[in-house]
2 protein chains.
Amino acid sequence: MFKIRLLVSALSLAGSMSVMAAEALPTTAPAPADNPTTAEKVALGKMLYHDPRLSSSGTVSCASCHNTMLGGEDNRGGSVGVGGQVGGRSAPTVWNAAFNKVQFWDGRAASLEEQAAGPVTNPIEMGMKSWNEVVKRLKSIEGYQQAFEKAFGKDSISKDTATKAIAAYERTLITPNSAFDRYVKGDKSAMTEQQVRGMNKAVELGCTGCHSGPAFNGPGTFQKFPVNKNGYFEAQYGLSDDKGRAEDTGKKEDEHLWKVPTLRNVALTAPYFHNGKVKTLEKAVWLMGKLQLDKDLSDEDVADIVAFLNALTGEFPKQEMPRLPGMPGRTFN
Amino acid sequence: MFKIRLLVSALSLAGSMSVMAAEALPTTAPAPADNPTTAEKVALGKMLYHDPRLSSSGTVSCASCHNTMLGGEDNRGGSVGVGGQVGGRSAPTVWNAAFNKVQFWDGRAASLEEQAAGPVTNPIEMGMKSWNEVVKRLKSIEGYQQAFEKAFGKDSISKDTATKAIAAYERTLITPNSAFDRYVKGDKSAMTEQQVRGMNKAVELGCTGCHSGPAFNGPGTFQKFPVNKNGYFEAQYGLSDDKGRAEDTGKKEDEHLWKVPTLRNVALTAPYFHNGKVKTLEKAVWLMGKLQLDKDLSDEDVADIVAFLNALTGEFPKQEMPRLPGMPGRTFN
């Protein structure tokens, strides 16, 4: 709490407008040195991302749970993988994931590339036995041989290239030009009075202690949640049932640490929190006040902040539907 | 068999080329008088078709089983609906479905409009309790209110308009300009020698008795399958377990009658037949010879016909991905 309070004071001194003004969403995301973005990789990655044949049943693609036609996820508490299995964490949005410092709710992947490798072989998500099996399947599809050749050179199908292509595609999934972005770029009519009020309250209350920067997911990387444990809300939402980062690291000090999620397009990603147990943005904002800031937000505060969060819904780029390469005369298994 | 043999004779007399030459795929499909195709309906229909929120779980859209990024289906035997339930019939392709005289494997829907209403409330497919529930959900999404208004006028969300929009979109899913189409329009280099040989064999053997016309699904509507019941293949593939049209009508004379499926893009729609039990096109062609024509096709005949069937894979129109309207701050249930 100390850190948050300090930051709020700093922000208050600096004046909320000017602090916010520096933070419009970039329109491109930097790529790692070993995976520069190319049009061929993006085209291939888009195919792989939308291909349900990357799952054991042939029914679940990356897009099934991280839907690029919607807010980049599935509007469900737990996502549904192969065989109708339901996961324990709510799918984070793929939109602007390029601006996350780490990936997954518990931050266990350091990059989009690393993240992309996970769900494919997760038994309750896409359920492939191994990446060897994935690579074998992809190699058997002539159109993929060609698309990988264009992106990475001859005979290049591998876990490494497939996940690089998916990451390259994901780096293009950016939603600039929200009402907030237009506002901070000088169009003072872009946000309503209520949205401006909500923005100022978000700064004053301390929300921006964790949720600032272009994607409203920094300056830090991890944050404890809930900070203020509350038996009543635990019984209702079970927010502490999952130990977060500690489930991956096994370390006591990582218990209940979570990657700070972006607030970009947050209005489109109900239900909320890592377990998706909170159905509305109003309730989520109110609970954040209670559990993180130890504050009882009034209905008016909540409404103002929700109005502001709606100003973070960006413009979704037009995308051509990928054509997935066929397997003439046969099926995927 | 009598009818088929007669037709083969007629076709042989007429000369296979000239008979085939009349049958290139049209590039537009006629719409019924009460549902003229408009750009607004198509745009709305495309959204609805790809929206998983039309299912109880929010995970299954029309496109889940009739994938427009692939061959218009899911390359599975039985499709997977809500809760991981697996259906008993293999999803037919949506590509060129506009040229089917009836819809569903058993032809129980007379139009695309009627078909579109079915899966949404089928408990093992999309699992909505009722169309009232669907309409209620759509009405709660502002973006749909607007899209329906553009397509059908103010306050127009209903089962009738939703299914009309989906059908209007489906009428645009046409794949012209296959190698076969280019061949019959005069480009004699469009098909290989083997494909031409396969085409002539398909006519001579009698395949075109049931599979002719622009979509290779007529002139009739229904056909018995299998014609020649065979205990050995029954044990392997169970093709007679499902009584087809009779399951809908309850009539003895409809037993094992099936809609004659299009052969357009058939190379992309493995596995084959109503129950999807036959995995490869080679095996499917050979079995059709055996079960429908009482003929033992040689490996060469099968290879030639399969080569020809590959010439029926058309050009898939480029499509922009639909943006599905959001539900700011809340989820679909």
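Colleague: How many cavities of 30 Å³ or more does a search of the whole structure find?

Modeller: Nine. Keep in mind that this is a predicted model. The general idea is simple. Rolling a probe the size of a water molecule over the atoms shows where empty space is left. Here the largest cavity holds about 770 Å³ of space.

Colleague: Which residues lie closest to the centre of the largest cavity?

Modeller: His211(A), Pro261(A), Leu263(A), Phe273(A) and Met288(A), out of 44 lining residues. Several elements of chain A give two or more residues to that lining: helix 10 (193–205), strand 1 (222–224), strand 2 (257–259), helix 13 (281–293) and helix 14 (299–310). Helix 13 of chain A has the largest share, with seven residues.

Colleague: How do the residues of that lining divide by class?

Modeller: For the largest cavity, 27 are nonpolar, 13 polar and four charged. Now take the second largest cavity, with about 660 Å³ of space. Its lining has 14 nonpolar, 21 polar and two charged residues.

Colleague: Which residues lie nearest the centre of the second largest cavity?

Modeller: Residues of two chains. Thr59(A) and Ser64(A) are named, along with Thr59(B), Ser61(B) and Ser64(B). The lining counts 37 residues.

Colleague: On to the interface. How many residues does each chain bring to the contact?

Modeller: Chain B brings 45 residues and chain A brings 46. Then look at area. About 3400 Å² is buried between chain B and chain A, and carbon and sulfur atoms give 61% of that. In chain B, the residues that lose the most area to chain A are Met69(B), Met321(B) and Arg323(B). Together they make up 23% of what that side buries.

Colleague: What is the phi of Phe216(A)?

Modeller: Positive, about 55 degrees, although Phe216(A) is not a glycine. This residue lies in the loop between helix 10 and strand 1 of chain A. In chain B, Phe216(B) also has a positive phi of about 55 degrees. Its place is the loop between helix 10 (193–205) and strand 1 (222–224) of chain B.

Colleague: Why does Phe216(A) count as buried?

Modeller: Because its relative accessibility is 1%, and the cut-off for buried is under 20%. Phe216(B) is buried too, at 2%.

Colleague: One last site. Is Asp181(B) buried or exposed?

Modeller: Buried, with a relative accessible area of 1%. Asp181(B) belongs to helix 9 (residues 179–184) of chain B. The Asp181(B) side chain reaches the backbone nitrogen of Leu25(B) at 2.9 Å. That side chain also reaches the backbone nitrogen of Asn177(B), at 3.4 Å.

Colleague: Which residues is Asp181(B) in contact with, leaving aside neighbours within four places in sequence?

Modeller: Glu23(B), Ala24(B), Leu25(B), Pro176(B) and Arg264(B).

Notes: Residues numbered from 1 in each chain as written. Chains lettered and ligands numbered in written order. Predicted model: local features only at pLDDT ≥ 70, side-chain atom pairs only at ≥ 80, totals over all residues. Heavy atoms only, no water. Helix = DSSP H or I, 4+ residues; strand = E, 2+ residues; numbered from the N terminus. Buried < 20%, exposed > 50% of the residue type's maximum accessible area, 1.4 Å probe, protein only. Polar contact = N/O pair within 3.5 Å; in protein donor to acceptor, adjacent residues only side chain to side chain. Contact = heavy atoms within 4.5 Å. 1 Å grid on protein atoms, 1.4 Å probe; cavity = no way out; pocket = protein on both sides within 12 Å on 5 of 7 lines; lining within 4 Å. Points joined across faces, edges and corners; volume = space filled by probe spheres on them. Nonpolar A, V, L, I, M, F, W, Y, C, P; charged D, E, K, R; others polar. Buried area = accessible area lost by both parts, 1.4 Å probe.
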